[in-house]
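Trainee: Could you walk me through this structure? I'd like to ask things as they come up.

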Amino acid sequence: MHRTVKSFLQTLKFSVGYCRYYFNHNCDLRIALCSQIKPQEFQFTKCLGNSWNNTNSPGHTVPRRSFSCKDLLKSEQENWKVASARYMDTAERIKKKLKVMYNKYTFSMSSPAIRFGDCVYFEENGCIFRSKSDADEGSVEVLLSTEDLGFHDAIIQRIRISPDQKYMATSIKSSNSEESSCIVTKFEKLPMVEYIIPNVFSFEWATNDVLFYTSQKNLVCHKVLLATFTNRKYAELVYVEQDPRFFVDIYCTKDRRFLTINSNSKTSSEVWLVDCSNPFNSPILMQQRTKGVIYHVEHRNDELYILTTYGEPAEYKLMKTPVGSYGMENWQLVYTLKEKTKLIDLEMFRDHCVMFLKHYGHLYLNVISLVSHSVQSIKLPAWACAFESEPHPEYNASTCYFQLTSPVQPPKRFAYKLVENHLVEQEAPITINCHIVRLEAKSQDEILVPITVFYNANSKELHRKPLLVHVYGAYGIDLNMSFKAEKLMLIEDGWILAYCHVRGGGELGLSWHKDGCMHNKLKGLHDLKACIMLLHGLGFSQPKYTALTGSSAGGVLAGALCNADPDLIRAVVLQAPFVDVLNTMLDTDLPLTIEEQEEWGNPLADEKYMEYIKSYCPYHNIKPQAYPSVLITAYENDQRIPLIGLLRYVHKLRRAERDHARSMNKKGNLIPNIILNVQAGGSHCAPLWEDSLNEVTSHLAFLYKEFGLERE
């Protein structure tokens, strides 16, 4: 529900990047919304025009073969009906087992509560509830129901409570779209929905009745507006971003002194400050955008604390400056992250700053005293691979709560007592019969690439066990290593799970991402090959039992490996994969192409990038050869990965495999399976739980069949 610095860090990277996840909410409460008054849609008092137009981009485009998307889609839907029938029995057995595991392990994964004043707000099953902190469990008030508002299959994304707790703003989106609506609810005798503001990305309350929000269109967020809800109800434009490479969101400092307007590209930031006591005054520029300088602002005791990449070394630092001395020439260093360290999240408290860090696969807390500037470093349990800070912790709190997890370990709650410098394990982890091993593979340029491996402690002859390799390697985003019930099921069935932390991702800090983007993309491919070869060399499976999985931008490296070294793997599972990099980066009519140039390069303006992208782009390097079997899941309404690109990719891949089979005089039944499952509707992010379960089931059934395994 709430994100602070983590939201800022993800905003810098979130474009084609992966955002799909699986979740389950278990809630038996079924209570109708008290207020049945039909809400009205917010009407703007000013006409807002387009802020930027792209004209006459330089360069040229690569000619494409003409396909009928409608005909190809119909053909693939028929192919999927035939293919899925072959996996039906296996899929049903897997689904039955997964449901049992979801019910067993996800009871503690429901939405965390937000404490605000003397109340607790929480979301379950499409409803938002409120209770008093010290009230009995049965004393719960229903504030909002998405079903009663007509938002079927809706996902609640964000909740913000006004300072006087008289208003609540909630963002809701459909599972078939990435565009959200902001629902403004007024708390009187009964909760009453007053307004629905469409196409909103982020929002914050500046005062009791002044809401700032950003307007999103076609995945682009360039406008900030404010709205009032008491005597004079109106909305006005506050800020417009003119540069299409930038994405705008807003944030309120933990002490509610300032609201920040944050405009971020992949490589630079600009922050404007709004004084929450005078929200109608013009925003104040903190520091003009400077290439290579990313920053985020917090406030404490008339000092601004800045998380930034400014200065050397090129990793995140915590700096500070007095209010009024805004330029970076005034920033004073407080703390610098050590080399190869990933900053995952940061929480500001009244007298402490808590950094959540990852260093070579191990998780740490660094607790900085903002009074003495002393630093306490706490190494967290070795089994932990990911963690989440609890949402919206109180500024004056003396304890920092968070959860630790791993792909095979459900989240467990921990507490760090700030004054006592003491870590408390509030829940013991479940006993998993699983070993975790951390390895390093030497890449082509001698750089060591981390790998995290999980396998069943009772497994014998690991070289005969199936291996599932995970890869991403883009946008500085880590591989998702949070708990998934299906991963634990695979471990129980004797599978080996390997997570390859290749360059382009963020596992070893900002430099790790920089070394794998733009003109360094091929390094990620070399890293992936080195990881798989090391795993096989150490006796973790072998090529005929090895599968590779990736989603979204992870499809670039997975697809490139299939072209370059198809003999290393037997099967591939891809989810909404990005496989046509060149044609996407040549099409400026797509909403994210210009923003993405700082990750992949600009082939329209630079012929060198044209040739470099062409050298690894999965679609452009398909050739007649023996490919592994491939299952791709795509989504009809995906704005980030156009469906037509995946249809072309599958068509070209099948043709190359047929050409190879003919040249080798192979029989047709030896041709690998190339399968595309197009989900009707659906978007790039956050499918509903039942849809997620069906997707996971189909992926696993495909792998079990490919490896000749039968799950009883």
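Trainee: How many disulfides does a search of the whole structure find?

Mentor: Before anything else, keep in mind that this is a predicted model. A search of the whole structure finds zero disulfides. In particular, Cys531 is in no disulfide, and the nearest cysteine sulfur, which belongs to Cys500, is 4.1 Å away. The cut-off for a disulfide is a pair of cysteine sulfur atoms within 2.5 Å.

Trainee: Okay, is Cys531 buried or exposed?

Mentor: Cys531 counts as buried, because its relative accessibility is 0%. Cys127 is buried too, with a relative accessible area of 7%.

Trainee: Which residues of β36 are on each side?

Mentor: On one side you will find Ser629, Leu631, Thr633 and Tyr635, while Val630, Ile632 and Ala634 are on the other, and with all of them buried both faces of β36 are covered.

Trainee: Which strands does β36 pair with?

Mentor: Strand β35, residues 571-575, pairs with β36 in the parallel sense over five bridges, and Gln575 has Thr633 of β36 as its bridge partner. There is also strand β37, residues 674-679, which pairs with β36 in the parallel sense over six bridges; here Val630 stands opposite Ile674 of β37.

Trainee: Which residue of α9 forms a ring pair with Tyr475?

Mentor: That is Trp600: the ring centres of Tyr475 and Trp600 are 6.1 Å apart and their planes are at 85°, so the pair is edge-to-face. The pair links distant parts of the chain, 125 residues apart, with Tyr475 in the loop between β32 (467-470) and α4 (485-492) and Trp600 in helix α9. Both Tyr475 and Trp600 are buried.

Trainee: How many aromatic pairs does the structure hold?

Mentor: The structure holds 22 aromatic pairs. One of them is formed by Tyr87 and Phe702, edge-to-face, at 6.0 Å centre to centre with 85° between the planes. Tyr87 is in the loop between α2 (69-86) and α3 (88-105), whereas Phe702 is in helix α12 (residues 689-706), 615 residues apart. Ring pairs also link Tyr167, Tyr195, Trp205 and Phe229 into a cluster.

Trainee: Which Arg residues lie over the face of a ring?

Mentor: Among them are Arg158, which lies over the face of Phe203 at 5.6 Å from the ring centre, and Arg289, which lies over the face of Phe246 at 4.1 Å from the ring centre.

Trainee: Last one: where does Arg655 lie?

Mentor: Arg655 lies in helix α11, residues 643-663, and is partly exposed, with a relative accessible area of 32%. Arg655 and Ile622 are 33 residues apart in sequence, and their C-alpha atoms are 9.5 Å apart in space.

Notes
Residues numbered from 1 in each chain as written. Predicted model: local features only at pLDDT ≥ 70, side-chain atom pairs only at ≥ 80, totals over all residues. Heavy atoms only, no water. Helix = DSSP H or I, 4+ residues; strand = E, 2+ residues; numbered from the N terminus. Buried < 20%, exposed > 50% of the residue type's maximum accessible area, 1.4 Å probe, protein only. Pairing = 2+ DSSP bridges. Phe/Tyr/Trp six-rings, centres within 6.5 Å; stacked < 30°, edge-to-face > 60°. Lys NZ or Arg CZ within 6 Å of the ring centre and 35° of its normal.
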